Structure formats: C-alpha cells, structure tokens
Amino acid sequence: MRVGVVVMAVALLAGLSACEEGSGWYRGKEKLYHGIPVRVGFAPEDDKLAAAVWEYLREVDDVFNVYRTDSQVGRINRMEKRDGVVIPEDLARALRLARLVHEKTAGAFDPTVGPLVSLWRKAAREGGLPTTEQVEQALAVCGLDKVSLRGDRLQVESPGLRFDFGGLVKGMAVDRVVGMLRAGGARAALVQIGGETAAFGLSARQQPHVIGIQHPKRLDRIWTRITAPDPEAGISVSTSGNYRNPVVIEGKDLYHIIDPRTGRPADTRVLSVSVVFPRAGKNGLADGLSTACAVMGPAHCLPVVDALGGRVLFLLESDTGITERQGAGWDRLAP
Ligand code: AMP
Ligand code: MG
C-alpha cells in the first residue's frame, strides 16, 4: 500500500493536545503499512474499543499488502491459475467497490494496474523510461474486464494480471473503523489513514471538526480548511496527490497513479484532488474517486463526483502558480 497525501486534521489535533488530559477522548497514533501515519481519536474513551480498532487496522495489511507474499492479495497475485478461487469477504467487498468506481469513471480507476505500477517503479529504480513495447505488454495483461466474481469465487482470465487495491483500501479501512466506533457507542471521532480522513460529532472543545487540506507544494502549510455541514453526519475526505512517493525517472517526478487506458503515469499538472462526502463512512468511495480523478482531470471528474453526491477540489499547476478548480457545493464546506 502506498502513501497518499497526508491530510492533517490540524485544528482538531491542536485542540486535542491542548485538552487531552481528562477530556474523555481516546487518542492514538501509529505508523502502519510502510510508515503511513494512522490516527484514531474518539469519545468517550474506551480502551477495549480502541484495542479492537488497532487490531483490525493491523489485519488490513494481512489481506491487502501487495508487497507481502503471504498477504491474501500477494498470494492471489502469485497463483498460476485463478479459476474459482475463494476469497475473503474484505477482498470481495474491495473488488465490488473497485468495480463500481471503475464503471463510474469510465475505467480511470482499475485495481488490476499492478503490472503497470511495477513496471514504472522498476523503471525508476533502473533510471530510464520503459519502452513502448514494455508498456504495451504490461497493459495487455491488465483490465478489470478479465476478472469476475461470483459470490466469493474469483475468476481471472489473464495469468499475468496483478491486483493492487492501494487506490481505495485506506478509505475502506477508515469506513470500517468509523462503523466500529459508531457501533461501539462513540459519539465523536476523528480517523485518519494517510490522505484519508473521517470525522463525526464534536471535538474535545465541543467544536465541529476542522480538517486541513495540505498545500501541494509547501508540506508545512495548509491550503484550505473544511468542515462537515452537519457534524452529526460527519465528513469523509480523501486526497490524492503527487507530492508523496512520486516515481522519479530522468530527474522528472512522475505520478504513482497510472492511467489504465494508456499505461502511463497521470498528468502531473494535477497537483492534488480532494473528494469529500458530507457524511462519515464514505471514504472508500471517496478514495477510489480521488485516485480516478487524478487520471481523469477536472473536466471529466467533476460531473461524475457531483452525480454521486460528492464535492471536489482540484489544485492544478498553472503558469501563474497553483489554480483551484472547485466542483459544485465545495464552498458549502467552509468552516
Ligand atoms: P491513492 O493514494 O489513493 O491515490 O492511491 C494510489 C495507489 O493506487 C498507487 O500507489 C497504486 O498502488 C494504485 N493505483 C495507481 N493507479 C491506479 C488506477 N488508475 N486505478 C486504481 N489504482 C491505482
Ligand atoms: Mg485513492
């Protein structure tokens, strides 16, 4: 799993550190999955619930980490024949959501881009662009149309196809944690995994949570701040960007997000895309969409996200610096 853009929940976290003692909030922080920052805060404090959340978060790696040969995805990726393989429910759910996002984004999101991700990462390690032939070869084995799922049985028609759920698994994990916290009686929470943040209820200072979207070029700065229009419903925020983990080849920063239609990295003029839903529990969808939107660019992305009830902010590289492109309703997220 790769790190997305870190979206800092500045205001909330500042509030928490100021009145953490005796505030009734549980607050925990860890680095999981190759150093991705994970934060979980909720009220009222409940050590058992916190332990269950962290246990679940550590298990995510056992299913989805493509770099581990013993993870579920790692094992499936290495199988010679994938003809009716029984897969766990978490993976089936990820595949169903990935297919939904794939269909909504005309193929811009594709969880079978594994061979292309590997090709571009290998090219970066070796220091030269891949050849057109290599790109074509990798492209030929990818494609969600070569995958089917009947119940819990997976069928893959392309032997070289490799899954990579890095584009939406962080968001799905945030949704699961939000669900666990709500079911466990939390009245407020803030959950963050890399560029995925969810919040609901009021902060320790009894204020609506304010979530900062990072400046795409100055990592110590916040570009803008947003908040849930209805604090009880909460908010799901997902940011994809190129300033974490770029693929560097011949001195150029290339996107770690691949356009599945061309097999080449997305256009780096998209500095970041944030997709927001005005309620907690929608990070899986937001995550898939923000990755897809980096590929699609504003003109194609905005109507798709709008139709699904989401809000979008693009930060684009332009001659004059950084230009914003907002989708419908973004302005209603202002604190
Ligand atoms: P995110 O940080 O959520 O934007 O996810 C980026 C990660 O998703 C990459 O590091 C790849 O593992 C994976 N990925 C790259 N391109 C795509 C794509 N077009 N569709 C789905 N996943 C992708
Ligand atoms: Mg994503």
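Between which two strands is the loop that holds Glu 250? Keep that in mind; the tour ends there.

**Before you start**

This is a predicted model, in which local features need pLDDT of at least 70 and side-chain atom pairs count only at pLDDT 80 or more, while totals for chains, interfaces and linings use all residues. Residues are numbered from 1 along each chain as its sequence is written, chains are lettered from A and ligands numbered from 1 in the order in which they are written, and side-chain values use heavy atoms, with hydrogens and water left out.

Helices (H or I, at least four residues) and strands (E, at least two) are DSSP runs, numbered from the N terminus.

**Stop 1: the sheet**

Show the strands. Two strands pair if DSSP finds at least two bridges between them.

Now select residues 311-318, which make up strand β16. β16 pairs with β17 in the antiparallel sense, over six bridges. Pick Leu 315 and look across: Glu 324 in β17 stands opposite.

**Stop 2: helices on the sheet**

Contact here means heavy atoms within 4.5 Å. Axes are lines fitted to C-alpha atoms, for helices over the stretch in contact, and angles run from 0 to 180 degrees between N-to-C directions.

**Stop 3**

Two packed helices are described by the angle between their axes and the distance between the axes. Show α2 and α4. Their axes come within 10 Å and cross at roughly 75 degrees. The two helices are therefore roughly perpendicular to each other. (Angles under 35 degrees count as roughly parallel, over 145 as roughly antiparallel, 65 to 115 as roughly perpendicular and the rest as oblique.)

Which residues make the contact? On α2, select Tyr 56, Val 63 and Phe 64. On α4, select Asp 90, Leu 91 and Ala 94. By class, that gives five nonpolar, no polar and one charged residues. Here Ala, Val, Leu, Ile, Met, Phe, Trp, Tyr, Cys and Pro count as nonpolar, Asp, Glu, Lys and Arg as charged, and the others, Gly among them, as polar.

**Stop 3: salt bridges**

How many salt bridges does a search of the whole structure find? It finds 15. A salt bridge is a side-chain nitrogen of Lys or Arg within 4 Å of a carboxyl oxygen of Asp or Glu.

Select Glu 30 and Arg 58. They form a salt bridge, with the closest N and O atoms 2.6 Å apart. Glu 30 is in strand β1 (residues 26-32) and Arg 58 in helix α2 (residues 47-64), so the pair ties together parts that are 28 residues apart in sequence. Glu 30 is partly exposed, at 26% relative accessible area. (Buried means under 20%, exposed over 50%, partly exposed in between, with a 1.4 Å probe and protein chains only.) Arg 58 is partly exposed too, at 42%.

Move to Asp 62. Its partner is Arg 68, with the closest N and O atoms 3.1 Å apart.

Then select Glu 89, Asp 90, Arg 93, Arg 96 and Arg 176. Salt bridges link these residues in a network. Within it, Arg 96 and Glu 89 bring their closest N and O atoms to 2.9 Å.

**Stop 4: a buried aspartate**

Select Asp 259 in strand β13 (residues 258-259). Is Asp 259 buried or exposed? It is buried, with a relative accessible area of 13%. Leaving out residues up to four places away in sequence, Asp 259 touches Arg 264, Pro 265, Ala 266 and Val 295.

**Stop 6**

Most residues other than glycine have a negative phi, and most peptide bonds are trans.

Zoom to Ala 43 and Pro 44. A cis peptide bond joins them, with omega about 0 degrees. Pro 44 is in the loop between β2 (36-43) and α2.

Go on to Ala 106, in the loop between α4 (89-104) and α5 (114-126). Its phi is positive, about 50 degrees, although Ala 106 is not a glycine. Ala 106 is exposed, at 61% relative accessible area.

Finish at Glu 250. It lies in the loop between β11 (247-249) and β12 (252-254). Glu 250 is exposed, with a relative accessible area of 57%.
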